[in-house]
Amino acid sequence: MPLLLAIALGTGLRFWRLAAKPLWLDEILTALFSLGQSYQVVPLAQTISFSDLLDLFHLQPTTCAAIAATVTQESTHPPLFFCWMHQWLSWLGPAPDLTSLTWQLRSFPALMGVLLIGLLYWLHRVAFGPWAGIWGAMLMAVSPFAVYLSQEARHYTLPMVWLTLALICLIQIQRDLYQSQRFHPPYWLGWIVANSLGLYTHYFFLMAVVAQVGVLLGRSLWERRWLTRGQLGVIGLAIGGVGLAYGPWLATLQGHADRGETSWLQLTNPFAPIYQTVLTWVAMVVALPVENQPWWIVGLMGILTLGFLVWLGRVAVRGGVSLWRSPTTHLETWTLLGFIVLVLLQFWAIAYGLNRDITIAPRYSFVYYPAVCTLLAAACWQGIVHTPGDHFHPSIRPSIFNKGCNQNLFPIVFFILSLLSSLFVIWNLTFTKPFQPQRVAYHLGSAPDQALMIAIGYKNFQDVALGLSFALALPPFYPQINQAAFAFLQRIPNYDGAWQTLATLPHPPTPLNLWVISPELRRRDYPAQLTLANGVICAIDPQHHYRVGIPYQRYYCPDQRKDQIVHGTQ
């Protein structure tokens with residue numbers, strides 16, 4: 001019954017207001033590939049209507065092979081998630097409107113997020129016993145980080161499913177090697193399959209595979225007890241099986257690694273990978289609203305978070321030490337902790353060695369989050385239900401209500417803060433969508449009684465997808481959306497060519513608000529005037545310049561006919 005309650009609660013949190021937030025850049029890419037579309041269908045260097053944009057997001061019959069070919073050429077991701085998403089969308093049928101499409105796109109990751117709750121219980125049950133598993137399932141259910149990833153139309157929850165299954169197998173494999181000296185083929189085969197599927201779902205899963213292999217071999221070094229030739233042979237066959245399954249995609253992986261789409265991950269602050277990792281750990285448990293809030297709210301939320309973290313640290317450290325020292329849980333604790341450490345070392349090696357700071361985006365920590373959730377839940381459970389020095393007994397059903405007041409209150413406070421944090425995620429107060437398409441759309445539609453044209457400068461298709469995300473977020477703020485015009489203008493080698501193209505394109509009748517969305521353009525470099533077709537002159541409005549990672553600027557284009565009449569009477 002407690003597990004069912006955790007699953008029910010987690011399901012509600014993941015599906016509540018699932019389509020309330022507009023799609024952002026990466027989700028636009030998911031939509032196009034999963035719908036059977038490609039970059040080539042987006043009209044460029046021409047004026048297009050909102051209905052033309054919506055036509056890009058219609059489900060097209062296709063095959064997984066065709067999707068894989070498109071992803072190979074136009075993306076830097078493996079194809080499995082997009083193939084499965086296409087099948088999911090085909091089962092659900094054509095979306096009647098944009099809101100339904102958003103729900104459909106996010107429902108598959110949300111469903112995988114629900115599945116994770118049950119799988120984490122299974123992992124806990126295998127590693128630490130059933131009652132610790134209930135605590136772990138509840139932690140996963142209300143974790144703001146898990147809810148955030150589950151409501152993203154991206155490939156984060158699916159690889160976490162594969163990782164959790166792989167860790168379940170890894171725990172049993174470790175027992176085979178270092179405790180029972182027995183051999184369980186289903187776990188070894190499951191480990192190969194789970195890791196192979198993970199590699200075809202997200203490239204970062206490769207770090208999880210490397211960490212697991214390190215854990216498999218590292219235990220013998222830790223104990224200074226060499227594995228037998230037979231054991232090493234089985235490990236080699238398992239690793240070879242994963243390599244053999246992934247071999248056909250290795251050339252594509254190398255080609256994607258050399259592409260420039262990850263240039264935004266450049267390391268600029270040598271201390272950033274450390275504190276960003278710590279902040280991500282915090283957000284896995286509690287994520288109170290501090291983004292774009294008044295200073296006093298930021299201060300209050302910060303004090304509350306810090307106070308809880310100190311309490312959490314005391315409980316988790318006490319429980320973690322007990323898990324480490326207990327002979328019934330030492331190997332499992334060592335395995336999960338070693339896995340986490342090896343993944344983190346790879347994160348930092350990539351940041352400092354390759355100048356690619358992947359810690360900048362908390363979502364990439366999906367690579368090791370199930371292990372963190374498992375180990376943290378087990379440590380907290382041990383710290384709550386056992387007194388210092390007690391050994392862990394998974395077969396005993398403990399009760400927290402024979403402990404002190406602090407230990408009785410801790411799970412209640414933990415649950416409430418995590419649940420509130422998840423609600424803040426759902427209401428877009430924490431883990432806000434990158435580039436904030438809702439906020440940008442609010443500014444773009446700030447004059448709903450006037451004609452509107454939006455020009456988006458692009459250097460690559462990520463810029464185009466960014467513009468599409470802003471356009472799709474616009475209808476609630478601009479009732480005359482069917483009369484709005486959009487144009488994607490190439491900004492290579494600079495914006496001069498974009499301005500020249502803009503001057504040749506048809507536009508809505510004046511008076512007109514022209515918004516220019518211009519990645520990498522500095523505010524001082526905006527022209528004072530822009531020219532549209534038919535000699536319409538648009539003047540910059542210095543009161544309406546904004547930036548949300550990228551800048552966007554309003555120009556006002558007066559009624560040319562009125563200007564001509566006034567000029568003729570003077």
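## Hairpin of E6 and E7

In this predicted model, Gly549 takes a positive phi near 90° in the hairpin of strands E6 and E7, which has 3 residues between the strands. E6 and E7 (residues 551-557) run antiparallel and are joined by 5 bridges; two strands pair if DSSP finds at least two bridges between them. Within this pair, His545 stands opposite Gln553 in E7.

## Hairpin of E5 and E6

E6 (residues 537-547) is also joined by 3 bridges to E5 (residues 529-531), again in antiparallel fashion. Gln529 stands opposite Ala539 in E6. This hairpin has 5 residues between its strands, and Asn534 in the turn has a positive phi of about 65°.

## Overall fold

The chain has 22 helices and 7 strands; helices (H or I, at least four residues) and strands (E, at least two) are DSSP runs, numbered from the N terminus. The radius of gyration is 27 Å, close to the 25 Å that the globule rule gives for 570 residues, so the chain is as compact as a globular protein of that length. The radius is taken over C-alpha atoms, and the rule is 2.2 Å times the number of residues to the power 0.38. Along the principal axes, the C-alpha atoms fill a box of roughly 95 × 55 × 45 Å.

Of the 570 residues, 54% count as buried (under 20% relative accessible area, 1.4 Å probe, protein chains only).

## Basis of the values

Residues are numbered from 1 along each chain as its sequence is written, and side-chain values use heavy atoms, with hydrogens and water left out. Because the model is predicted, local features need pLDDT of at least 70 and side-chain atom pairs count only at pLDDT 80 or more, while totals for chains, interfaces and linings use all residues.

Conventions:
Buried < 20%, exposed > 50% of the residue type's maximum accessible area, 1.4 Å probe, protein only.
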